[in-house]
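Student: I'm new to this one. Could you walk me through how to read it?

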Amino acid sequence: MLKECLENVRKNTPLVHNITNYVTVNDVANVILACGASPIMADDEMEVEDITSICGGLNINIGTLNSRTIKSMIKAGKKANLLNHPVLLDPVGVGASQLRSQTAKTLVQEIQFSVIRGNISEIKGLALGSSTTQGVDANMADTVTDENLMETIQVLKQYAKEMHCVIAVTGAIDLVTDAQKCYVIRNGRKEMSSITGTGCQLSGMITAFLVANPGNFTEAAAAAVCTMGLAGEIGYSHLQAYEGNSTYRNRIIDAIYNMDGKTLEEGAKYEIY
Amino acid sequence: MLKECLENVRKNTPLVHNITNYVTVNDVANVILACGASPIMADDEMEVEDITSICGGLNINIGTLNSRTIKSMIKAGKKANLLNHPVLLDPVGVGASQLRSQTAKTLVQEIQFSVIRGNISEIKGLALGSSTTQGVDANMADTVTDENLMETIQVLKQYAKEMHCVIAVTGAIDLVTDAQKCYVIRNGRKEMSSITGTGCQLSGMITAFLVANPGNFTEAAAAAVCTMGLAGEIGYSHLQAYEGNSTYRNRIIDAIYNMDGKTLEEGAKYEIY
Amino acid sequence: MLKECLENVRKNTPLVHNITNYVTVNDVANVILACGASPIMADDEMEVEDITSICGGLNINIGTLNSRTIKSMIKAGKKANLLNHPVLLDPVGVGASQLRSQTAKTLVQEIQFSVIRGNISEIKGLALGSSTTQGVDANMADTVTDENLMETIQVLKQYAKEMHCVIAVTGAIDLVTDAQKCYVIRNGRKEMSSITGTGCQLSGMITAFLVANPGNFTEAAAAAVCTMGLAGEIGYSHLQAYEGNSTYRNRIIDAIYNMDGKTLEEGAKYEIY
């Protein structure tokens with residue numbers, strides 16, 4: 001149950017190592033705190049192995065990658081694999097530049113990820129970057145709709161199987177899938193896309209949920225996705241007419257801070273396929 | 001009309017490439033989203049040309065420049081020039097260090113900017129850095145007042161002519177000028193200077209307005225400056241007595257988010273000289 | 001009196017040079033503005049000496065240190081020493097990695113600090129890193145409580161004496177001490193630890209207080225610590241039930257913005273030992 005997944009975070013206060021972009025990093029830290037976990041940000045090659053070792057999980061986000069931090073990502077990821085820590089990849093903007101596409105490709109080759117989370121274009125870009133999934137393009141539309149839902153689920157399940165990890169695609173409809181089972185989640189609001197970094201925030205939160213729920217990664221990731229979407233709904237309900245995306249950002253983090261297992265269980269809107 | 005300039009942003013959702021400082025980058029991203037555009041932050045030499053190519057315009061801010069990002073600024077700027085994209089320079093703190101002065105000088109030599117935006121000291125510092133404008137100092141006071149207004153406008157028009165670009169000077173009185181025409185704008189509140197990065201935010205927003213209003217850069221920049229100032233007035237009107245600069249920051253971005261063409265047209269306070 | 005310490009900041013608007021982490025940097029800048037000072041962030045080796053020279057004080061925070069910025073920290077710190085500017089060290093996460101421990105050790109060897117501020121574990125980690133204080137471990141507990149208070153004060157006074165600087169330890173009970181005199185401060189709320197960077201914010205604010213109160217560093221640091229804690233209490237009193245750590249962050253900065261000498265003097269809860 002999703003309830004337990006959240007409660008395990010609050011109970012265990014997992015420490016999450018983040019190598020993430022400087023645009024949304026403050027919000028990522030506050031979201032990780034809001035859900036009951038604890039963040040550490042560290043990206044220097046000389047310390048990432050030490051930091052990863054004292055944490056329970058690793059969140060790699062390529063948002064403002066550079067030649068220095070790419071090396072740190074690989075080093076930290078390998079160390080986390082060695083320690084059997086969950087590792088998440090957020091391939092921000094993959095496909096937007098050769099550097100991002102190449103880096104994402106290297107990362108999935110060198111590191112075994114527990115979860116890869118992105119929007120549908122990023123996941124598509126990542127899947128197409130690997131030669132074995134060249135054919136995905138024709139079948140995977142750029143927006144997940146009720147019309148292409150079943151087909152998209154099949155493609156993502158296949159990709160999850162190939163990658164041996166959970167794939168989380170967020171958008172109007174969110175999908176969290178492993179090779180067998182796909183959560184189709186309909187929480188959230190379209191206005192969330194007017195806030196920078198709700199995706200990055202979610203990736204940080206998913207990593208916290210993974211650490212607190214070992215052996216149950218698919219449901220843990222689904223619980224984090226539902227928490228974010230539901231917080232988006234609750235946060236929106238407290239907005240005044242004159243408030244906009246900046247206050248909405250705060251309201252969502254506030255709603256995560258106040259989320260309890262019961263609220264999550266009752267507010268989560270999902271089906272499993 | 002300013003109204004159309006804003007509406008064109010909301011209609012076209014331009015993509016803006018930002019190479020900007022890590023202090024205010026999150027607010028810059030949220031302001032760009034608030035006005036209806038879309039931000040990308042990327043500063044690695046290996047990817048800036050790719051990123052600039054998929055965007056409509058480039059915002060260069062030297063706020064926390066370093067040896068690595070300076071190279072990226074030049075590379076991205078040249079690429080944007082080649083593609084005929086508008087490019088904005090925000091010479092944050094020019095004059096405060098040799099590195100900033102030298103970098104700003106190199107940038108204006110290597111890149112053709114569409115708009116340069118700064119406070120009066122920064123614009124003065126930049127103008128003095130180039131040998132042809134050595135004499136500006138005596139004529140350009142450190143604060144724009146009603147007393148030195150006409151003289152300052154003449155100096156700025158001359159500088160705009162030399163640089164072949166629009167010069168935007170923000171402060172108690174804002175000036176947006178090309179070689180012929182100067183907007184004298186009296187929106188905004190003095191409390192805005194207690195918030196870090198309102199200038200950086202404005203630079204990001206101007207860039208979005210430039211992309212959405214090709215061939216009309218002076219008015220586009222003036223429209224963005226009026227939007228920011230008016231949002232500062234509207235945001236302030238919603239503050240409680242116990243609220244301060246942090247909430248004010250959010251209220252301004254919220255007011256940009258809710259700004260429509262009619263509100264802008266009616267609230268903009270400017271004269272043209 | 002604490003009152004004068006705050007009023008001196010508002011009167012003199014000191015300029016503070018910050019070499020700090022990219023996680024909390026925006027909040028640090030807004031807190032420095034909120035208390036009446038002015039922040040500059042600059043971390044490139046080529047400009048830190050210039051920037052430090054135009055400022056009144058230097059805040060060094062090792063939160064997201066890297067090989068490039070470590071060099072800048074040392075260079076800026078030495079320059080600030082030469083100019084007799086107050087310099088603060090915030091040894092974020094010292095002990096969490098070899099790099100942080102080694103860097104902090106180098107910093108305290110190469111630079112004379114005016115104040116070192118951290119939580120009890122960081123101060124402990126730093127003290128243990130230097131060979132002359134190896135024995136501190138047994139005497140310094142990981143939480144300051146009423147039970148170990150007197151013993152902890154003695155240990156910290158000894159450390160302050162060795163370092164020739166003020167030591168500020170923040171937590172449930174805050175301690176600000178020099179070799180002679182220790183302020184035991186009981187402002188603040190436990191919920192402040194759910195916000196990322198309240199420690200970093202405080203370090204920035206202390207530096208501003210040091211610059212504005214030359215020759216009175218212990219009381220200046222204590223005044224800043226009381227201001228932060230009291231702002232935490234005032235900010236909390238304005239929170240709605242549905243609000244959480246993100247809005248709380250804003251409310252604290254707002255409360256600093258609105259803090260006056262009289263409110264501080266009346267609200268500060270401290271004893272001197």
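Student: How many residues of chain B are in contact with chain A?

Tutor: Two residues are in contact if their C-beta atoms, placed from the backbone, lie within 7 Å. Here 25 residues of chain B touch 24 residues of chain A. This is a predicted model: local features need pLDDT of at least 70, side-chain atom pairs count only at pLDDT 80 or more, and totals for chains, interfaces and linings use all residues. Residues are numbered from 1 along each chain as its sequence is written, while chains are lettered from A and ligands numbered from 1 in the order in which they are written.

Student: Which element of chain B gives the largest share of that side?

Tutor: Helices (H or I, at least four residues) and strands (E, at least two) are DSSP runs, numbered from the N terminus. H2(B) gives the largest share, 6 residues.

Student: What rotation superposes chain B on chain A?

Tutor: Two copies of a chain are related by a rotation about an axis and a shift along it. Copies are superposed by least squares on the C-alpha atoms of residues with pLDDT of at least 70 in both. For chain B on chain A, the rotation is 120 degrees with 0.0 Å of shift along the axis (RMSD 0.0 Å). That is how a three-fold axis relates copies. In chain B, Tyr22(B) has the C-alpha nearest the axis, 3.6 Å from it. The copies use different surfaces, as 12% of the contact residues of chain B recur in chain A.

Student: And within one chain, how many helices and strands does chain A have?

Tutor: Chain A has 12 helices and 9 strands. Its C-alpha atoms fill a box of roughly 45 × 45 × 35 Å, taken along the principal axes.
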